[in-house]
Structures are given as C-alpha cells and as structure tokens.
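Morning, everyone. Please take a look at the structure on the screen before I start.

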Amino acid sequence: MNSEKQTDRRGFLADGARVAGVVSAGVLGGFLAGRRGQAGENLWQIDPDKCVGCGNCATHCVLDESAVKCVQCFDMCGFCNRCTGYYTLDGLDSRDTAAEDLLCPTEAIIRTFVEGKAGQNFYEYTIDTDACIGCAMCVKGCALMNGSLYLQVMHDRCVNCNECAIAVACPSDAFVNVSSDKPYRLKRVALGVMRQKAGKADKAAQQLIDQVQADD
Amino acid sequence: MTKKFRLRVAALLVVALVGGILMGGVMADESSELMFPVPEFSDHPIPTASVPEVQGEVTPVLDVAILFVALCLASYFTLVSRSRRNVLLLTIASLLWFGFWRQGCVCPVGATQNVALAIFDPTYVVPLTVVAFFILPLVFTLFFGRTFCASVCPLGAMQELLAVRSIRVPRWLDHSLGLVAYIYLGAAVIFAATKTGFIICRYDPFIPFFRLGANTDMLLFGSCILLISVFVGRPYCRYLCPYGAILRVLSCFSKWRLSIPPDTCINCQLCEDVCPYGAIHPPTVTQSPERRRKGKRRLVTALMLAPVVVLVFWWLGTALAVPLSQWHPESRLAEQVRLEELGVAESTTEASDAFRGSGRSVEELYQSALSRRDDFVTLGGLLGAWTGLVIGFKLIYLSVRRRRDDYQADRAGCVSCGRCYWYCPVEKVRLGLIADVSEALPDGRMPTGPLVQLTVGGKKS
C-alpha cells in the first residue's frame, strides 16, 4: 500500500518534470528560432582589413584542402609588372617564371599581359581558385604594395563548423561571424570603388556588393 | 572696370583654389590608399572579382530529418522490438553517417555551446539545424530514455563498438569520475557564453578519427580514449560527455525506458555481469534496523553538508579567475604584450605582431583583459558553486536508499544499448531461440545465490 502510494508520487513528479522539460525545450527552441527572423544564420568569414596573412588558413582548416582561398580585387590592383604578390623579392628583377622566383607554391596565380602604356607594361593577375590553397604567401607579398589580394572563406567549400578551427588559430582576430545573406567581406578601400562601379550598372560589381557585408 | 575685373579674377582664383583642394581631397581619398593607381586601359575593362554562393554539403532539413528518423528507430528498437541486433546495426549506421560521412559536425554534444552562446549573446544567430540537434535528443530522452546515446550519437557509437573486454569500475570511482562530466558542462557553457572558445569541439577525442586528421595532442588523447574504451565501457560518455550529463538527468524522468521485465525476471544475474557500463543494479537485500538508522544519519549529514560544499567550492571558484580568463585568446595576448612592454618576453608572437599592426592601443587591450578577469571572478564563482552543487547532489543521492525487488537498469546510467537483451534467457525464450531459460544459463544452473562468472562480451552462449 505504502509502496504503491510512493510509486504514484514518484510517477506524478516524473510526469511534472517531463512536462516542464518539454515546455522549456519548446520555449528555448522558440526563443532561439525567433531570432532567426531578424538575420540569416551565422557563417565564418575573414575580415581582410584585419588579416595579416600568417598562413594558418592553409593548415588549420578541417578540410584537407582549406575552404579559404585568395581573391583578387582588380579594382585595387596596380597591374604591376614588378608584382610583389607574384614574384619573390629576389625574383622581382629577373622576373623569370622559375619556381624559386614565384611566391605561389601551387601556381595558382595566372599572369597575363594586358597593355603597354607610356613605356610601362601592365599585367593582369588572376587567381586559379581550384589550385589556390589559401596559404596567403601572395597576400603578404601584395600587402607591400596595393594589397589587392585578400583571403576569403569560400562558402561553396566551408562546412561551417561550430567553432572554426582556423578562427581559433588566427593571430589577428580576423575571423568574424557574418550573416548567410551577405557572407563575404571586402577591404574598406575597395568598398567605395565597388559601389561606384555598381552605380554605373555594372552587374558583376552589383552581384559582389550584394554578397558583401559592410560595417558602415 | 579694372577693379571689377580684378575682383572676378580673385573670385575665380578662390573658387579654383577651393575647388582644387576639394577635388584633390576627393582624388586623394580614392588613390592615396593605393600605392600604385589602377591603370586605365584602352580596350580592357577592369574585371570584378566573383565569389561563390553559399552551399552546404547536405541540406539542413535533411540533416534534421535523418536525426529524427534515427532517434525514432533507436527508440523503437530498444523499447518495442527489444532487439540488440537492430540497435547494433543502427549504431554502425550512425557511426558511418554522422561520424565518418558528416565528420561529427553538427552534433548535439557541441550544439550545447552554440545554444549557450545564443542565449548570452543576442547578436549571435544560431542555425536552426543546431537548435534542432540540441533539442530533439532531449525531448526523446524525456520520453524514451537515453536512446540517443545508444545508437544515434557517433561518439557513443565508436565506443560502443569497442567495448569488448569491459571491466567493472569500482562504484566509488564510477561515481566520482561521473562528476567530471557536469563540471565539464559548466566550464563549456561559461567558455561558450564568454566567447572564449568551444572547448567541447576543440577537445573532442573522436574528431581526429572522423576527420582523419588532427594535431598530435588530440590524436594521442583520442587514441587513449579509444584504448581505454576497450576495457572501460564508454569512458567519454560516462565521465566526460557534457551532453550526456544533461541526458543523464533527463533520463531519470523518462516516461518509458529500457527495462528488465520484473514479472518474468529469473534473477540469473547475466544482465548485470554483461552490462559494460555498470548500469544494472541487483535487487536489494533487506537491511537491519541498525544499518537503516545509520543510513538515515548519513542522509542528514549529506543534506547539511551540501550547502557548505557549495559555499566552499564557490569560494574556490572565485580564486580560479586568472587561469580561467587565460583561456581567452585576448587575455593571453594582453599578457604577452605586457611581457613585451616590460622587455622580458623572449620573442614576439604572431598574435602580438598582428596586434602591433592593428593600431589598437595597449591601454585598451589591458582594460579589456582586466575587465574580463573581473567577469571571470563571478563566472569562476558560479562554476565553483555548480561543482559544489553537483557534489552535494551526488552525496545526497548516494545516501538515499532505494528498494529494488528485481534487477533494474539504472535510470541515469543506462544508455539503452540493449546488450542485456542479447544475454537475457527470458528474452531468448521470447524470441523463440531456446525452449527453456535453463538452456541459456552456464551449466544449466539456476543461479539464485553467488555470482555467475561469465566473461563480459565473450561467448554468446
């Protein structure tokens, strides 16, 4: 008799706890999901103005081939013949294309002649994204001049880990959370140029601007 | 006339000058940031960079749907069909899908931190998948027990498959090590909420195997855990897993759970021997009044001791402010910069070099680090109090005597793996594998008294 009563009481308590548990789980879920309405979910991205090109992106990503790749912002590029992002400092003078004179370890930068003007030759540098490993060698080199090369987390590759392993290893706190609506960043300098371009009905620039989160 | 002309010239000059300055200003704004201006080509427009659209590997809806189906199957297999074989198959499937294919991310264990961060930081938008991954197993546990641990969690699955030569962990050790999971949970929540880091993910011992890559420390740690799990059943689940700690509590209130049917139990003790997790308790023997009185006195002591323990640990926790805050990268940076300023640092670090280049002032960095240390006095105190609370509860829990007439699975400790079904003679009769229970017992003996020695995980009789 006594034990039966006790079981009942225990059962009642368990029922109460269960209902409370389900209700609080629902409330928590609703609370967290409600915030979803205000913005897209968070993704990882690199703030190129903070990036110091340490090279951790290439080695710390959980993917075999890092999700971080280099992006060339042509509107900041000087199209230099003596490109410090393409050549090593030793290779600048000879401008051979021997491996020891090139910064990129995977030959992911393609140099093409554009035009000769006022005794100067101009070259365009494009990134072969498939070959790029995000090592930031070129980013560091280019930072000596215009700094048009910068790293970005490519969201067709990023698996959006809970805690980005590169963010943990990043020495300059350059990893930021961005909304999935606008999951990329541009350098502050490039932002104005890109907006001007977009204003002139440049579709590519408009598309890029739409993908970029700006702080201002 | 000449005067007027002069005035006009002067006005023009002023306009030109002002205009020039303004123009120059605008020009400077656009080009001064660049060392070399972007050239203008005759027939080559400057291209625009393009970046790829967001695309995940699997759609989030599919992820959640698979989790839901797996949880339903796990609950069905453990509670309705009572089939160890099916549970085992599901375990393998979960290990392959959630573990090796999805590489252990997103998982409910780590999702705990996202949820903690989302609660404390209103700017952080947690993905709905993560919320679903956190909440679904909790709700299932409230109704069906820890079926998630049994065969859905990839971390559990890995250990489950390795638990082949389990030894019995002494009860005192089992209980005290079990507390670590709760402390780990507290620390993980605090570190996630302060954006210090997601320690559960960082120190997940199975990730090196799921992703086939890790640094040496984690590989060693992971290997140790795997090696231990051969001899001690599910060491991570029982003694470390923070999510398991939550499920443990919830499972105590579950509506249904894995059970050994009392009316048909023949008290053969096989299930107790075979459970690698020490989660099956034998029936209790009636106690003498003397011992009962002693037990009551112990309960009173535990009840009185609990608040003291909480206070002591709260005080100890506040003393941990410095080491705790050092987990935050910015605090470590501040320390390094301070050493450099004092001239005692051996060399600069990547982080301190980056800091020098960022233009942030040293004072600001120090202030930020100091205020974080103050925060961690409170947080450390809370962590300490939480630790004390857990210890206090454990003491009380251990002092309360429960009466059991039959063999019973521990409400908290049972992970619903269903191994006991596999060995239970009654189950074998139910499945029609044998005609009589005695056939499944060693030497055809009806065990009523002493322990039946049976190698755990050994012969399948």
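I'll go through chain A, then one of its strands, then the domains of chain B.

A word of caution to begin with: this is a predicted model.

Chain A has seven helices and six strands. Start at the N terminus and the order reads α-β-α-β-α-β-β-α-β-α-β-α-α. How does the radius of gyration of chain A compare with the globule rule for 216 residues? It is 25 Å, well over the 17 Å from the rule, so chain A is more spread out than a compact globule. The C-alpha trace spans about 105 × 40 × 25 Å along its principal axes. Of the 216 residues in chain A, 40% are buried. Now the contacts between residues at least 6 apart in sequence: in chain A, 75% of them join residues at least 24 apart.

Next, strand S1 of chain A, residues 42-46. Five of its five residues are buried, so the strand is largely enclosed by the rest of the structure. Which way do they point? A:Asn42, A:Trp44 and A:Ile46 go one way, while A:Leu43 and A:Gln45 go the other. S1(A) pairs with strand S6 of chain A, residues 175-179. The pairing is antiparallel, over five bridges. Within S6(A), A:Ser179 is the bridge partner of A:Asn42.

On to chain B. Its domain assignment gives domain 1, 60-260, and domain 2, 289-399. Their centres are 25 Å apart, taken over C-alpha atoms. Eleven residues from domain 1 of chain B and eleven from domain 2 of chain B make the contact. On the domain 1 side, six are nonpolar, five are polar and none is charged.

That's my tour. Over to you.

Definitions and conventions
Residues numbered from 1 in each chain as written. Chains lettered and ligands numbered in written order. Predicted model: local features only at pLDDT ≥ 70, side-chain atom pairs only at ≥ 80, totals over all residues. Domains from an automatic or database assignment. Contact = placed C-beta atoms within 7 Å. Nonpolar A, V, L, I, M, F, W, Y, C, P; charged D, E, K, R; others polar. Buried ≥ 20, exposed ≤ 12 C-beta atoms within 10 Å, placed from the backbone. Helix = DSSP H or I, 4+ residues; strand = E, 2+ residues; numbered from the N terminus. Pairing = 2+ DSSP bridges. Rg over C-alpha atoms; globule rule 2.2 N^0.38 Å.
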